[in-house]
Amino acid sequence: MNVVLVMDAFRVFVRFHNWNGDALDENGKDTTDKAKMMYHKLEEASNKATLEGVITSSFVLGALCGALMATYLGEKYGHQRTIMIGACIFTCGAIIQGISARHWAMIAVGRFITGLSIGCNGVLCPTYISEIAPAKIRGTLSSCYQLMTTFGIIVEAIINSIVWYYTNSTPEGLGEIRKGIWDEVPNFEWRFALLFQVIPGLGLAILMGFLPRSPRWLCSKDRDEEDVEVLAKLNAASTSDELVQSELKAIQEDVVATRAAGSSSFGELFSPVIRRRTFITFLMQLFQQWTGIKVIMYYQSQIYDEIGFSKFMSTVVLPIINNFVNFISTFPVVGALMMMVFHISTWACSTQTKNGKIWQHLVVASVFLFVFSFAWTWGPVPWIYQAEVFPLHVSVKGSAVGAVSNFLNNWIIAFVGPALMKAWSTRTFLLFAAACLLAWIYSQFYVIECKGLSIDEMDVKMAGKTQMDFS
């Protein structure tokens, strides 16, 4: 959505801006020379920051609701079928956005619907991968989820940047006086970009049909014959193979143990033995969002534009490089302190951008280094941690609490981000630097390391019955 938000036709369509016919040159400077005219010169509406926040954050609000539904739908219909349903919902949301009438609410509704899908599937996909992956490559396939997510972001950025470049450079009507300054300009660019989401949505729905149901879900529904056939297929072995039978036995014992523990409720997450890990999970996801990563990823083109880069650099080159940094950093703990340092350096260098281009490049370097620091520390770790700390019978509900915290704070950041940037400019990074410092203090003195601990040992430490290890 970052590039769509800076497409001129989209800005005029949703009335973020109006256009009277004036033009800018390739460096974003006013010009009346026809030969130098390159871009629209748009005038910002007074409510632009609010509308932009609503449209951007509506997706995350949908994701929040989708995460809340994931547990129920996954248990009722199974992870595979629910992911297929989620992909179809995503496709419907993309179509609504792409054919939207001229009102911001219709785009917001479409984004809310696509968010429902992402929230639900974001909870279920990692679990589904771990359930169907053969044991010897389970860890590798689980890690590929985050890798492919960041790779998808790169593909999206490249496609949108190409669309932006060929539709926003030297458009028709530059330099001609427009009587209707709020009239639309050709809308192909953003409609194509939003409708393009239909392809991955339908692709996921169709391809999921070729994948098996979750072995654990089949066992929980007493469909053991189907279960053993799925396990045999996943392991490329016969149903009587020793490996298949041992995995089936392990799953059956797991399901029996879960049933013996009885049905769990969200209230159990706040019992004396479990409540500490619930609070840790919730706050880890809160701090993850308040590191400021989403302001950079959602609004990075506008940040680069504000510190003086050309439209081409701000919209095409720098976002692609930043998303590539995000992608490669998922392969390798700098952590919260380093993110705080890079936020401060971003702000400090931004105050000097009038003194030479070197300062602009230092701002961009600080942003890239922050993203790099985030992508292999506070990016994946909260998700991994919440998957490990909860007892089996409340693990899904505990993970749902973490996902709700993530999407709730993501929504807050997405909604207030434009207003913060408009009011505080790059001083906003000082707020996120303070949040990173609090995240470091929290992780250093409250979060308990769970590596190498059994569930029983973890219960003891989480209940505070032994001395805590803050190393």
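Which residue just after α11 takes a positive phi? Before I answer, a word on the source. This is a predicted model, in which local features need pLDDT of at least 70, side-chain atom pairs count only at pLDDT 80 or more, and totals for chains, interfaces and linings use all residues. Residues are numbered from 1 along each chain as its sequence is written, and side-chain values use heavy atoms, with hydrogens and water left out.

The residue is Gly292, with a phi of about 95 degrees. Gly292 lies in the loop between α11 and α12; helices here are DSSP runs of H or I, at least four residues, numbered from the N terminus. Gly292 is buried, at a relative accessible area of 0%, where buried means under 20% (1.4 Å probe, protein chains only). Setting aside neighbours within four places in sequence, Gly292 is in contact with His343, Phe370 and Phe432, contact being heavy atoms within 4.5 Å.

Helix α11 covers residues 275-290, and its 16 residues should span 22 Å at 1.5 Å a residue, the expected span being 1.5 Å times one less than the number of residues. The end C-alpha atoms of α11 are 23 Å apart, which agrees. Among the buried residues of α11 are Arg276, Arg277 and Phe287.

Finally, the helix after the loop. Helix α12 (residues 293-306) packs against helix α13 (residues 311-328) at an angle of about 140 degrees, with the axes 9 Å apart. Axes are lines fitted to C-alpha atoms over the stretch in contact, and angles run from 0 to 180 degrees between N-to-C directions. The contact includes Ile296 and Tyr304 of α12, and Leu318 and Pro319 of α13.

Terms used. Helix = DSSP H or I, 4+ residues; strand = E, 2+ residues; numbered from the N terminus. Buried < 20%, exposed > 50% of the residue type's maximum accessible area, 1.4 Å probe, protein only.
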